[in-house]
Amino acid sequence: MLSSTISANIEESLLQGVNKVNCTSSLDINEPSLNSPVPIFSILNDTGDILSNCKSIIIPENNELIKMYKSMVLLSIMDKILYESQRQGRISFYMTNEGEEAAQIGSAAGLHVNDLVYAQYREAGVLLFRGYTPEKFMNQCFGNVDDLGKGKQMPVHYGSKNHNFVTLSSPLTTQLPQAVGSAYSFKRLKINRCTIVYFGEGAASEGDAHAAFNFASTLDCPIIFFCRNNGYAISTPANEQYRGDGIVSRGPGYGIATIRVDGNDILAVYNAIIKAREYVMNNTRPLILEAMTYRRGHHSTSDDSTAYRSKDEIKEWLDKNPIIRFKRLLEKNNLWNDQNEVEYANETKKQLMQSFTIASKKNKPNWREMFNDVYHEIPDNLLEQMNSLEDHISKYSDHYPKE
Amino acid sequence: MHTAINKYSLVCNATKNMLCGCFKRRSSHFVYHPERISSELGKTSKKNMYQAINSAMDLVLSKDPNSVVFGEDVGFGGVFRCTSGLRERYGEDRVFNTPLCEQGIVGFGIGLAVAGTTAIAEIQFADYMFPALDQLVNEAAKYRYRSGNLFDCGKLTVRTPCSAVGHGGLYHSQSPESFYAHSPGLKIVMPRSAQTAKGLLLSCVRDPNPCIFFEPKIMYRLAVDDVPDDDYELPLGKADVLIEGKDITLIGWGTQVHVLLEVAEIANKDFGISCEVIDLVTILPWDKQTVTKSVKKTGRAIVSHEAPLTGGFGAEISASIQEDCFLHLESPIRRVTGYDTPFPHVFEQFYLPNKWKCLQAIKELINY
Ligand SMILES: Cc1ncc(C[n+]2csc(CCOP(=O)(O)OP(=O)(O)O)c2C)c(N)n1
Ligand SMILES: [Mg+2]
């Protein structure tokens, strides 16, 4: 048997990898405590009333409130038109934002317009709120001559330099470490720009998420990691994605601050973003913001979610519709009524249908565009390939669309 | 209910009437050539490629109790339905979802294999396998070599959908086989049909080397064959001569085989050119002997693949033909491939090495 025990050592640690730490003589396994999950910040209840114990919250001006509401409705109508148009074979693919309108619009409203956005794909509302017009969304979905992305990508891969919204890429989570790099760049240049990066709880499982959190923390980057925890990654429920307390629980491990918010409560998201932005800019530190929400639609037009979730579950979330919740608040404050609703919805549909028709009739970009933008300038080997295609099309013109 | 939603059905109907067809799903760029029934393999049933792949995994799981199938969304059947019904039949500990992380999936699969478990990993799209490049190239490929054969991960098979599908754009269309072909130690296979998919997948699973099994996703539903119900294996590392010919050899794999089969028919019918068509089947290690023998006979060769020209596997094959068949060649070797650009969404029909581009190349080489 080993000799006597000595009292626990409380001298300052010489270990490089931890801060001031005590030693202990009791050998305990530190099991994670999942009994006290991080609470969800919310302002509105389901009936659209402001919870009585809400302290020092910011309520936007009336016209801003109405703009936020209209953006949510506009987004949801645009979604339905584009979703339906895919079903009819007019565009090749679509992904709706249904159920997550508050998370998108609330966060967009709380940011500054020159804050840089890196998104995943279910954040069309952020771009819409910044003034990217429905017509532009539709041009992208058709990949027509006026698509800013020049027809290169599948539908919903939007991007706009004017709106500080980096063009989307399908490979998940690649945008996270990139956003951290941008945040570091802004910090060094001492320009007052915040970077925000959106991602799903599924995407948070990728190695790139770890890289991003750790870089942001060790390199003191002013960035908001905005996780849309909508319960699913395609068919995989969140509880098969992680076993910790959601995505916020990762914060402490990386030394990163966190906020968890009700993603279906637009005022809560709005306030959380304002506070988060203030924190990251004042402290030059990252923050993980987890918005708890629900993906009400199918993952995409390639998916049928009834294969893996119950109708009852979807119905339960219908009552938590973030648009209705917000509308109730506006109605109670005489900022909106049924007549406004009907007029706005009808007018919006009319305009969107017009935009859709126009976008659908525009030509596709010329095929030579295929060789553009691979590099800054077209290298010789690509010119050669372009010429060979030119020659080929001239000989087999019947088999290609007319220019 | 929300009024904006209530009213919506009206808009939809109006949409239908107001708009003329602007986007038409283009029909596929090739004609599928079904496999012949091979009677020696017993009773067959009509299956498409995803069903044939499902049947192969079903057999592995039923015969090998130490085998598992996993990947993103695999539990409910996978986004292409390849694993449907398997979790119900074999249990959640053998057919399961993983977190969304490709490097994790492949690394985990290597570990299963090292411990002696047969591991069939699914990567949802070949375009999304790159996060696992390190695990595949530096780990799986080199496990046996670096350990002096003390350890290997031969029980690992990675399945992944690849290639053009009509509307996949940059990240649902790539054919990345040549990236992996630069990694000695891996076996790389791409089936052309439902029938070959089942036999080749069973061979990959049982082969004592780590294999990547690329599944041309456009064929999941479109490729329907008489597929033997029983267990059968098709040889890895062996190319198939599908049409014998004397004027020119056409070499391809995956979907492109069907383009070449159609081109051979057109060349023969319209121009009296006799094409020999070879499906390479295995990209690594590839069947040089069959290719060399064919080109020595025909004196001309075209290699065709969807992947970009530069550094594509066609470059490797062309170089080998040049070395081994130099004095037999009647014309230069030609590659008809995708361009050196990312895979573009709306320009897919211009991008692909379709039958007309192949036909033009054949005519030019014959008249060289
Ligand atoms: C690297 C990579 N792996 C897989 C995919 C395929 N994929 C596209 S979306 C998705 C699920 C993402 O779920 P989540 O991040 O929760 O976002 P949500 O769809 O719920 O908004 C998957 C697996 C991909 N696009 N990229
Ligand atoms: Mg999700």
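A:Asn229 is buried, with a relative accessible area of 3%. The model described here is predicted. A:Asn229 belongs to strand E4 of chain A, which covers residues 223–229. Its side chain forms a polar contact of 2.8 Å with the side chain of A:Tyr242. When neighbours within four places in sequence are set aside, the residues in contact with A:Asn229 are A:Glu201, A:Ala238, A:Tyr242, A:Glu290, A:Ala291, A:Met292 and A:Thr293.

**The sheet of chain A**

Strand E4 takes part in an open sheet of six strands in chain A, ordered E2-E1-E3-E4-E8-E7 and paired in parallel. Its edges are strand E2 (165–166) and strand E7 (257–262), each of which pairs on one side only. E7(A) is joined to strand E8 (residues 287–292) of chain A by six bridges, and the two strands run parallel. Helix H6 (residues 207–218) of chain A packs on this sheet and touches strand E3 (195–200), E4 and E8 of chain A. The direction of helix H6 makes about 150 degrees with that of E4(A).

A:Thr236 lies in strand E6 of chain A, residues 236–237. A:Thr236 is also buried, its relative accessible area being 2%. With residues up to four places away in sequence not counted, A:Thr236 touches A:Gly231 and A:Gln241 as well as B:Asp73 and B:Asn97 of chain B. The side chains of A:Thr236 and B:Asp73 make a polar contact of 2.8 Å. A:Thr236 and A:Glu201 are 35 residues apart along the chain, and their C-alpha atoms are separated by 11 Å.

**Ligand 1**

Ligand 1 lies between chains A and B. There are 22 residues around ligand 1, and those that come nearest are A:Tyr121, A:Arg122, A:Asn230, A:Tyr232 and B:Glu102.

| Residue and atom | Atom of ligand 1 | Distance |
|---|---|---|
| A:Tyr121, polar side-chain atom | oxygen | 2.5 Å |
| A:Tyr232, polar backbone atom | oxygen | 2.7 Å |
| A:Ser170, backbone N or O atom | nitrogen | 3.0 Å |

Taken alone, ligand 1 exposes 590 Å², of which the protein buries 96%.

Methods. Residues are numbered from 1 along each chain as its sequence is written. Chains are lettered from A and ligands numbered from 1 in the order in which they are written. This is a predicted model: local features need pLDDT of at least 70, side-chain atom pairs count only at pLDDT 80 or more; totals for chains, interfaces and linings use all residues. Side-chain values use heavy atoms; hydrogens and water are left out. Helices (H or I, at least four residues) and strands (E, at least two) are DSSP runs, numbered from the N terminus. Buried means under 20% relative accessible area, exposed over 50%, partly exposed in between (1.4 Å probe, protein chains only). A polar contact is a pair of N or O atoms within 3.5 Å; within protein, one must be able to donate a hydrogen and the other to accept it, and residues adjacent in sequence count only if both atoms are side-chain atoms. Contact means heavy atoms within 4.5 Å. Two strands pair if DSSP finds at least two bridges between them. Axes are lines fitted to C-alpha atoms, for helices over the stretch in contact, and angles run from 0 to 180 degrees between N-to-C directions. A residue is near a molecule or strand if one of its heavy atoms lies within 4 Å of it. Accessible areas come from the Shrake-Rupley method with a 1.4 Å probe; for residues, only the protein chains shown count as cover.
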